[in-house]
Amino acid sequence: MTGLAVLVVDDEPLSRRRLTRLLGKIDWVGRIEEAGDVGEACRMIGKTQPDILLLDIQMPGGSGFDVLERLGPAPPVAVFVTAFDHHALRAFEANAVDYITKPIEPGRFCMAMERARCAAASRLQADRIVELQETIVSLKRALNEQPKWASEFWVKVRGAFVRIAPENIIRFQAERDYVRIHTAGADYLYQESLASLERRLDPADFVRIHRSTIVRRSTIVRIKQAPFSTLIAILTDGSEIRVGRTYAATLRARLTRTHLPTP
């Protein structure tokens, strides 16, 4: 089968660009379209009838579950794109059509898409509906069992994946379309935008102090006053990070006021 249509559903433009770039390298993929939220996805599915969905799970204003539950009697094959940690994925692996974890590894992506191609070719619609219903139940159970905040980060280092616990992180620094994770004595490039990452961080542990910087609260050892009423955060690794004016009030509210200089 050639020329299969794929609809990419993700609220992050950067994630959609990465997925469409990977899809463009697959010779049997034909039309590629995008949707940024649940409503747009449902409208496009009804209008264009894609063969395969690349479906994010957590999106503002709805979830991938909402899209699946609105599919008609001839649903496309769904491949989930998730930010779940590796242990939670095992909870629904047996019932999922397939899934891809963020950050996306190209080899795993190709494997998932080949499974999707085979499923689309089979055209066993009744079986596919049952699979989707089982997947929805399993994914919802896994989502409910998940902690609300990210409990670990996996980064690729010299061909292997390394786990970083949040308590070992000093700060996150935006670096173009990526984030650099700084720990004591090492830093790692992580494939996610700072805005997306911020939604997954526990605000009790992390605070954004600049449009390009999120720091772990316990690593702030001192706040000093700089010229023009600017605040500078000094961290445990000796870093001095300027506090953006739009974030200063939030920082004051979330840290003990006696630790901050009076402007």
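**Polar contacts, confidence and nonpolar cores**

The side chains of Gln173 and Arg171 are joined by a polar contact of 3.0 Å. This pair belongs to a predicted model, and Gln173 itself is part of strand S10, which covers residues 169-175. The side chain of Gln173 also has a polar contact of 3.4 Å with the side chain of Ser212. When residues up to four places away in sequence are set aside, Gln173 touches Tyr178, Val179, Arg180, His182, Ser212 and Thr213.

Is Asp11 buried or exposed? Asp11 has a relative accessible area of 17%, and because buried means under 20%, Asp11 counts as buried. The side chain of Asp11 makes a polar contact of 3.1 Å with the side chain of Arg199. Not counting residues up to four places away in sequence, Asp11 touches Arg16, Gly36, Asp56, Gln58, Met59, Pro60 and Arg199.

The nonpolar residues come next. In soluble globular proteins, nonpolar side chains tend to be buried together. In this model the largest nonpolar core has 22 residues, and those with the most contacts inside it are Leu23, Ile52, Leu54, Phe109 and Met113. At least two residues of this core come from each of S1, H1, strand S3 (52-56), strand S6 (77-82) and helix H5 (106-122). Helix H5 gives the most to the core, with five residues. Leaving aside neighbours within four places in sequence, Met113 is in contact with Val6, Leu23, Ile26, Trp28, Ile52 and Leu54. A second, separate core has 19 residues, including Leu53, Leu55, Leu68 and Leu71.

The confidence of the prediction should be read alongside these features. The protein has an average pLDDT of 82, and 84% of the residues score at least 70. Confidence is highest in strand S14 (residues 213-216), at a mean of 96, and lowest in helix H4 (residues 86-89), at 49. Over residues 257-263 the pLDDT is below 50, and this stretch has 13 contacts in the model beyond near neighbours in sequence.

Note on methods:
Residues are numbered from 1 along each chain as its sequence is written. This is a predicted model: local features need pLDDT of at least 70, side-chain atom pairs count only at pLDDT 80 or more; totals for chains, interfaces and linings use all residues. Side-chain values use heavy atoms; hydrogens and water are left out. Helices (H or I, at least four residues) and strands (E, at least two) are DSSP runs, numbered from the N terminus. A polar contact is a pair of N or O atoms within 3.5 Å; within protein, one must be able to donate a hydrogen and the other to accept it, and residues adjacent in sequence count only if both atoms are side-chain atoms. Contact means heavy atoms within 4.5 Å. Buried means under 20% relative accessible area, exposed over 50%, partly exposed in between (1.4 Å probe, protein chains only). pLDDT is the predictor's confidence in each residue, from 0 to 100. A nonpolar core is a set of buried Ala, Val, Leu, Ile, Met, Phe, Trp, Tyr and Cys residues joined through side-chain atoms within 4.5 Å.
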